[in-house]
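The tour goes stop by stop.

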Amino acid sequence: MLNFRFTGLLALVLMASAATAAEGLLSVKSPYGVKETLDRFENAARAKGLNVFLRLDHAAGAQKIGKTLRPTELLIFGSSQGGTPLMECAQSAGIDLPLKALAWQDAGGQVWLAYNDPRYLAGRHDAGECGAVVQNLSKALAGLAQEAIK
């Protein structure tokens, strides 16, 4: 009976965790602050020959209107070589391109780095025939994220 209760409690905790995660978003914990995490990600992206189009500090934007946000920064980056093949499979994927990475600090002080899962994007845009492209993007993004947090 105790084992059944524990299993039920564990299932509820896991469901609650899954429910709070944003659909299609892959997140990893970072041992660095928000700025350093995104600096490291940006440097890794540039080292791979990717273009960095924009870096946006959401907390600074909130401050301009008298609001407070914990540190939160967005990086928009990519390359035609990576994005065009996905758009050839599903041109509507252009709404999600260029790619983005978000670093933020949660209420407990933990810093996170997140990006859209290319598999999720392919599903969103019905790009099922684009498997190799999605696999390559997934591998590249996971590599950049690991470079940023190592």
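This is a predicted model. Start at Ser 30: its side chain reaches the backbone nitrogen of Tyr 32 at 3.1 Å. Ser 30 lies in strand E1, residues 25-30. It is buried, with a relative accessible area of 6%. Now show its neighbours beyond four places in sequence: Ser 30 touches Thr 37, Gln 110, Val 111 and Ile 149.

Next, the core. Select Leu 38, Phe 41, Phe 77, Leu 86, Leu 113 and Leu 144; of the 27 residues in the largest nonpolar core, these touch the most other members. Colour helix H2 (34-47), strands E3 (72-78), E4 (99-105) and E5 (111-116), and helix H6 (131-149): these elements each give two or more residues to this core. H6 gives the largest share, seven residues.

Stay on Leu 38. Its contacts beyond four places in sequence include Arg 55, Glu 73 and Leu 113.

Now pick Glu 73 and Arg 55. Their side chains meet in a salt bridge at 2.8 Å, N to O. The pair links distant parts of the chain, strand E3 and strand E2 (residues 51-57), 18 residues apart. Glu 73 is buried at 11% relative accessibility, whereas Arg 55 is partly exposed at 27%.

Move to helix H2. Arg 46 and Glu 42 form a salt bridge at 2.9 Å, N to O. They are four residues apart, so about one helical turn separates them. Arg 46 is partly exposed at 45%; Glu 42 is buried at 13%.

Last, select Arg 119 and Asp 117, a salt bridge with closest N and O atoms 3.5 Å apart. Then zoom out: salt bridges that share partners join Lys 35, Asp 39, Glu 42, Arg 46, Arg 55 and Glu 73 into one network.

Notes: Residues numbered from 1 in each chain as written. Predicted model: local features only at pLDDT ≥ 70, side-chain atom pairs only at ≥ 80, totals over all residues. Heavy atoms only, no water. Buried < 20%, exposed > 50% of the residue type's maximum accessible area, 1.4 Å probe, protein only. Polar contact = N/O pair within 3.5 Å; in protein donor to acceptor, adjacent residues only side chain to side chain. Contact = heavy atoms within 4.5 Å. Core = buried A, V, L, I, M, F, W, Y, C linked by side-chain atoms within 4.5 Å. Salt bridge = Lys/Arg side-chain N within 4 Å of Asp/Glu carboxyl O.
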